[in-house]
Structures are given as structure tokens and as C-alpha cells.
Amino acid sequence: MPSVSETTKPEVAISVQDLSITYRTTFEKVPTFKQAITRLGRGERAVFEVEAVKGVSFDVPHGRTLGIIGANGAGKSTLMRSVAGILPPSSGRIDVWGRVSTLLALGVGFNGHLSGRENVVLGGLAAGLTRAEIEAKGEEIAEFAELPEGFIDMPMRTYSSGMYSKLAFSVAVHMDPDILLVDEALSAGDASFRRKAQIKMNELLANARTMLLVTHALGSVRELCTDAIWLHKGRLMLAGTPDEVIGAYTKFLDVGESAITLEDL
Amino acid sequence: MSTIDHSTSVDDSDEYRTRHHVYRPHKTGIPRLGPYARELLARREFAVELSRTSMRAANTATFFGRAWLVLNPLLLGFVYFLLIDILSPKPATGEQFDHLLAGLFAFTLISGSMSAGAGSVVGGGKMVMNVAFPRLLLPFSAVRTGFMRFLPTMGVYAVVHFATGRPTSFVTLLAVPVLGLIVLFSTGLAALMATFQVYFRDTASFLPYFLRIWLYLSPVLFTVEVIHRKFSAVGLAWVAYVNPLYSLFGMWSGILNQGKLPEPTMVIAGTIWSLLVVVGGCLFFMSREREFAVRL
């Protein structure tokens with residue numbers, strides 16, 4: 001188990017115990033009644049079961065940054081979403097102490113027809129903040145996102161993709177989170193914004209905030225994280241310091257799956 | 001199947017800062033109702049704001065936008081009035097027009113909630129995939145939108161009501177609890193439609209046909225008496241109650257149009273239908289809620 005150091009009873013921010021997540025979804029991009037009828041005639045089913053996470057356990061104490069690495073389809077994003085409470089577990093248990101803010105790969109809860117400001121308010125209210133809290137942060141969020149003059153009140157469909165992700169990042173870090181979940185979102189914006197994002201992130205971490213970081217950029221894990229775990233096909237392969245885990249992961253990538261079996265690790 | 005279980009049970013005074021969330025599976029497939037209801041209540045402002053912004057986006061805040069909300073059902077009322085006038089042997093009366101409008105406006109509340117509800121979860125897209133909140137807020141918000149669009153039509157109805165000289169008394173006040181039942185009924189249907197739309201994205205396309213047929217089968221164009229007579233003639237008077245709108249609109253129009261107290265059977269049937277649909281619809285929605293995040 002990573003990061004539960006020997007220090008006397010660390011205050012845990014996230015505790016994941018024997019977590020398994022299974023869900024059913026469909027092959028079809030846009031499922032329709034029409035197709036369902038046709039399939040029924042042929043006796044087919046378009047539903048399949050995904051075992052995204054299998055028996056994963058770990059703890060993250062307050063103030064630590066946990067990097068989660070692994071190949072595509074390893075269950076990293078599913079794990080993040082279940083910690084965020086979006087996808088509850090099929091078995092096992094997750095305890096989260098503190099306010100969670102998410103910055104997930106799929107984009108942010110943004111509706112293109114509404115203005116940036118309206119989206120920020122809606123997202124905040126959905127996440128359980130009060131209107132007063134959101135309004136207090138409004139200007140700061142817009143300013144940090146470096147949106148061109150007036151864009152915050154324009155419909156979001158007029159935004160460039162960079163503006164979109166910069167606003168998303170800004171919202172996530174300004175919601176006063178105790179725990180920040182970041183999924184592949186560090187690449188937001190241009191080089192100067194990335195630097196600013198890095199500084200803000202370090203600032204949050206310095207205030208003993210906890211962070212979970214999913215990324216394919218192993219450099220970011222080395223730089224930002226205090227601990228790391230490696231997931232493969234839904235199972236926890238290794239937990240330890242970023243160097244250890246990255247080392248094992250890259251070795252695994254080089255050697256290939258056949259040479260290293262689960263038992264070796 | 002599992003559940004979001006926001007146990008807010010923490011000793012600290014500032015519950016926001018030190019909130020303890022527990023996520024674990026649930027055996028019945030439905031989130032624990034107590035915490036779920038608490039979260040719904042705590043985040044009701046989100047539903048209100050969502051409905052407000054969507055109405056703003058649909059230009060309903062402008063004068064003509066608002067006027068259209070009234071004009072549309074009113075014009076529809078004229079069309080059906082003409083239809084009744086042509087089809088019935090006797091010329092249509094002001095009383096019939098009043099009955100027609102009362103029913104049509106209430107039906108628009110139900111149909112509006114259903115079509116807005118159908119789009120609510122699928123339209124919530126990225127919000128549903130990225131933020132944890134009780135999803136029932138989405139259809140609830142759709143019902144609020146339907147209700148806010150319904151309110152101005154009641155102003156028009158009031159004018160017609162007095163102009164056609166329909167009775168107004170303390171009985172008229174009973175329309176309020178009946179409206180409450182209609183809103184509950186709409187809420188259940190909005191939740192059902194929202195769920196169906198996730199699994200079958202063409203639900204919203206079928207909906208207008210279904211709604212049109214339902215309108216013709218309900219006591220809107222015809223009175224409850226006409227429907228009752230038809231079924232009684234073949235000795236199947238109870239069949240009329242299979243349509244929830246028979247009892248709900250029977251009460252609604254009886255109170256507004258006739259100024260008479262609803263019959264006990266109507267009250268019982270209408271109440272049972274409303275509660276059945278709202279409880280069933282919401283529970284069904286909640287039982288499917290977890291899958292929304294992976295089905296969108």
C-alpha cells in the first residue's frame with residue numbers, strides 16, 4: 001500500500017478498500033429504440049460488461065500527491081471518477097475526507113450555449129457550493145483563466161479549445177478543494193499558462209492539499225507526485241515512490257507483457 | 001448496483017470543509033434514500049439555476065419569448081375550438097372553450113415537463129460525467145421549467161374564465177391541490193422520460209406522437225361526462241380510470257369550469273395515480289442513475 005508511511009497514524013484523505021467497479025455499457029454510440037427492435041429480431045445484444053477496476057486498495061494521506069499511471073484502459077479514469085463519487089463502486093468501499101474538486105479528462109460540466117459565467121455558477125452549484133461562495137470566486141476564476149476581455153459572458157461555444165481548458169483548470173483549482181482530482185489536464189493552454197498552472201498546483205500542494213494525478217506524462221509524476229501507483233487492466237500492480245513505480249512501469253513497457261507476469265511484481 | 005452515499009456524519013462544525021463521503025455499493029440498487037433526499041434538498045438551487053439559465057437561453061426572458069409561451073397554447077386552443085365547433089352537431093359554447101383551455105394548458109404543463117425531462121440527463125452530458133450530484137435534480141429542473149412556462153397561461157385562463165362567466169367560488173381554490181397532483185405526476189413522468197432517453201435516444205422523437213394520442217384520449221377536447229358515458233354504455237366504466245388524466249383533468253376541469261366539488265372516486269384515483277407515478281418514476285430513475293455516467 002502506498003504512502004501510508006510508518007509515521008504515527010497519518011491523517012488519511014482518501015481510503016480505497018478492495019474496490020471493484022463493473023458497469024454495463026453498449027457498443028452503440030447512439031442507442032436507439034429502432035436499433036434495439038432490429039437487434040431483437042436478430043437475437044443480438046449490444047450490451048457488454050466492463051470490469052474496469054478489480055480489487056484495488058490504497059490510502060492517500062492529507063497533503064500527498066498520488067500519481068496514477070498505466071496503459072490505456074487500465075482503469076485510471078474510472079478509478080478517478082469513483083473517488084469523485086460519479087461512479088459508485090460495485091464492491092469495496094471508498095472513504096473521502098474533504099471537499100473534492102475534479103478536473104477530468106472528459107472536459108468540464110460545460111454547456112456550449114451558456115456563457116462562461118453561467119457555466120461556472122452551474123458547475124459550482126452542482127458540486128455543492130453556495131451561490132455566495134461561487135460569486136466570491138467568479139472574478140478570480142475569470143482572471144486566472146486569462147480569457148480575453150468580455151469572453152466570460154459569451155456563450156462557451158465561441159471559445160477556443162485553449163480557453164475552454166484554461167477555464168476548466170481555473171474553476172477546479174479555485175473551488176477551494178481539499179482534494180483535487182486531475183486527469184490528463186495538465187496540458188491545458190500554452191507554455192506560459194502551463195507554468196502558471198504548475199505554480200498554482202504547487203501552491204495548493206503546499207497548503208497541505210491532496211491531489212490525485214492521472215497522466216501519461218511520466219515526467220509530471222516524477223516532478224509533482226510524492227507517491228505513485230501503477231494500474232494494469234484494472235489491477236493494482238505496484239505502489240511506491242514515483243521512481244520505483246515509473247521504473248517498473250517503463251521496464252514492463254520495454255520488456256512487454258509476456259515476460260513479466262503479475263506474480264513477478 | 002451501487003450507490004452514492006454521502007454520509008455527512010462528521011463531528012466537525014464546518015461540515016463543508018471536513019465532509020466525509022463514503023461510497024459503497026448498495027444491495028437494492030437504489031441509493032440510500034435519506035442521504036439522497038438530503039443532497040437533493042441541499043442542491044436544489046442548482047435545479048432552479050439550471051431551469052433559469054435554460055429558459056434564458058431559449059429567449060423566454062424577452063417579451064416576445066414570453067408572449068409565445070402564452071400565444072402557442074392559446075392558438076392551439078382556438079384550433080381545437082374550431083374543430084369541436086365543426087365536428088359537433090351543436091355550435092360550440094364559451095363554456096366549452098373555457099373547459100378546453102383549462103385542459104389544454106394543464107396538458108401543456110405535463111407534455112412540456114416530459115419533453116424537457118427527456119432531454120435533461122442526455123443534455124446534461126459532461127456535467128453528468130464529471131460532477132457527482134443527485135441526478136434527479138436534472139428532471140426536477142425540467143419540471144420547474146415546465147411549471148414556469150405554465151404560470152403565465154393561467155393568467156390567460158383567468159381572463160377567459162371571467163369573460164365566459166364561469167363560476168368562481170371557494171371551490172375554485174381546490175384547483176391548487178389538484179395542480180399539485182398534476183405537478184407530482186409530471187415529475188414522475190419527467191424522470192421516466194429522462195431515463196428512457198439515455199437508453200433510447202429516439203424517445204424524444206416518438207414523444208410528440210404519443211402525446212398527441214394521449215391528448216385525444218383525455219378529457220380535454222371532450223368532457224369527462226362524454227368519456228364516462230361511452231365506457232358506461234359497454235359496461236366498462238372503470239376503464240376510463242386507466243388513463244391517469246381522466247381523474248386528474250376530471251377534477252381540474254370540474255373545479256375550474258363547473259365550480260363543483262370533485263367526486264371521491266376521482267380524488268382517490270387521481271391521488272393514487274400521481275403518487276404511483278412520482279414514486280415509481282423517481283425510484284426507477286435512481287435505480288438507473290449510476291449507469292448514466294457510463295452511458296452518455
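Which residues does Phe185(B) touch, not counting residues up to four places away in sequence? Select Phe185(B) and look around: Ile110(B), Pro244(B), Leu248(B), Trp273(B), Ser274(B), Val277(B) and Val278(B). Touching here means that the C-beta atoms, placed from the backbone, lie within 7 Å.

Before moving on, a word on what's on screen. This is a predicted model, where local features need pLDDT of at least 70 and side-chain atom pairs count only at pLDDT 80 or more, while totals for chains, interfaces and linings use all residues. Residues are numbered from 1 along each chain as its sequence is written, and chains are lettered from A and ligands numbered from 1 in the order in which they are written.

Stop 1: Buried means 20 or more other C-beta atoms within 10 Å of a residue's own. Helices are DSSP runs of H or I with at least four residues, strands are runs of E with at least two, and both are numbered from the N terminus.

**Stop 2: a helix to check.** Pick helix H7 (residues 175–199) of chain B. Its 25 residues should span 36 Å at 1.5 Å a residue, and its end C-alpha atoms are 36 Å apart, which agrees. The expected span is 1.5 Å times one less than the number of residues. H7(B) is mostly covered, with 18 of its 25 residues buried.

**Stop 3: where the chains meet.** Show both chains: the contact takes 38 residues from chain B and 44 residues from chain A. Elements giving two or more residues to chain B's side include strand E2 (20–25) and helix H11 (264–295). Zoom in on E2(B), which runs antiparallel to strand E4 (residues 91–97) of chain A, joined by 4 bridges; strands pair if DSSP finds at least two bridges between them. Find Trp97(A), and opposite stands His20(B).

**Stop 4: a proline in chain A.** Is Pro88(A) buried or exposed (12 or fewer C-beta atoms within 10 Å)? Pro88(A) is buried, with 23 other C-beta atoms within 10 Å. Pro88(A) sits in the loop between helix H2 (76–83) and E4 of chain A.

**Last stop: all of chain A.** Zoom out to find 8 helices and 9 strands. Of its 265 residues, 48% count as buried.

Terms used:
Two residues are in contact if their C-beta atoms, placed from the backbone, lie within 7 Å.
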